[in-house]
Amino acid sequence: MAELAAPAVGDWDFPRGTGSIELMTRFAADRGLAADRLLAATTLSPDLLADPAVQVDARQELAVVRALAGLDGSDAAALDLGRRYRVTTFGIFGFACISSPTLRDAMLFALRYFDLSFAFCIPHVVVGDDRLTLELDDSRVPADVARFLVLRDLAAIFTVMRDLLPEIALDDLSFRHESSTPDPYLATFGVLPRFGAGACRATLDPALLTRPLPQANDQTVALCAAQCEALVARKRQRSGISQQVRERLVRLGGVDAGMDEIARRLTLSTRTLRRRLTEAGTSYRALVDEVRQALAEELLDLGVLSVEDVACRLGYAEASSFIYAFKRWTGMTPAAFARRFRAARQAPPGR
């Protein structure tokens, strides 16, 4: 058995278009959920969301996923959401896949330009003599939304595969988690999964790889491929701005050196940095908060520093300002957070 091709990226932290966020807000509204809470969880404005040319930081979409799961995080909701992602949802990337000669060509294209998708779980496609295996790696996905995103992403992948080749069917399906409600899975995938397995894995007949796709068109796929190449080249050239700011803030220990100083270290003007962060759907202040929260949680988890010491290390003049910020980030005080982690470490295994 051999991997068909490695995905273009190995992590979910790549910029995306706004199409998935827009789809999730419509999904929430259709289900009578508080759709306005989804966008409120981000720094995005409705005008920015409406611009199809905008690329947003992956954490903005993750915030929307987290808000949606908070409203309805059921397996049925995640699977229903995944079925909303059709081949046309992905724009020129989707048209390139559906115009490919065979399913193998479409899969190779999707893996090559995977950072034009909206997925968080990374797919690995392995081909053997008697089976084609698709496994989703969610090891880097935040634990609180991992199950929701595994179900959303696999349902979306399978829905798109059926758009490409309507007669496609799964031979076997397994998930790591347990479930007592298999009906939504059967409705989505056409098979009853095995739960409590070692991985999220779907298997198909490898003969499907050479099946001609009904909408194959060599001229269309060539045109789409050229546009995808240009899109991904621009995206990869500019995609690192949020991460570059995070890295420099981490090097400073979360201390806010000021936007002017970070821009100088990136050899950018402050105005350019602000514009590029806006284009990525985030802001300097949001990134400072994000880095400070992550570092604060790590320091508190160590259990050797006082709240005052952590506040000082993160550049707060007063512990009270840090406590206020931490409660805004997590909904609890730093002391309560530290107690929770100590209790979790001391709990007997299996509890």
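1. The largest cavity has a volume of about 430 Å³. The model is predicted, with local features requiring pLDDT of at least 70 and side-chain atom pairs pLDDT 80 or more, while totals for chains, interfaces and linings use all residues. Residues are numbered from 1 along each chain as its sequence is written, and side-chain values use heavy atoms, without hydrogens and water.

2. A cavity here is a set of points on a 1 Å grid over the protein atoms alone where a 1.4 Å probe fits but cannot get out, and lining residues have an atom within 4 Å of a point. Three cavities of 30 Å³ or more are counted.

3. The lining of the largest cavity comprises 25 residues, with Phe93, Ala110, Phe114, Ile157 and Val160 nearest its centre. Helix α8 contributes the most, seven residues. By class, the lining holds 21 nonpolar, two polar and two charged residues.

4. Aromatic pairs (ring centres within 6.5 Å; planes under 30 degrees apart stacked, over 60 edge-to-face, the rest tilted) number 17 in the whole structure. Tyr85 and Phe90 form a tilted pair, 6.4 Å centre to centre with 40 degrees between the planes. Ring pairs join Tyr85, Phe90, Phe93, Phe109, Tyr113 and Phe118 into a cluster.

5. Arg16 lies over the face of Phe120, 4.2 Å from the ring centre (CZ of Arg or NZ of Lys within 6 Å of the centre and within 35 degrees of the ring normal).

Definitions and conventions:
1 Å grid on protein atoms, 1.4 Å probe; cavity = no way out; pocket = protein on both sides within 12 Å on 5 of 7 lines; lining within 4 Å. Points joined across faces, edges and corners; volume = space filled by probe spheres on them. Helix = DSSP H or I, 4+ residues; strand = E, 2+ residues; numbered from the N terminus. Nonpolar A, V, L, I, M, F, W, Y, C, P; charged D, E, K, R; others polar. Phe/Tyr/Trp six-rings, centres within 6.5 Å; stacked < 30°, edge-to-face > 60°.
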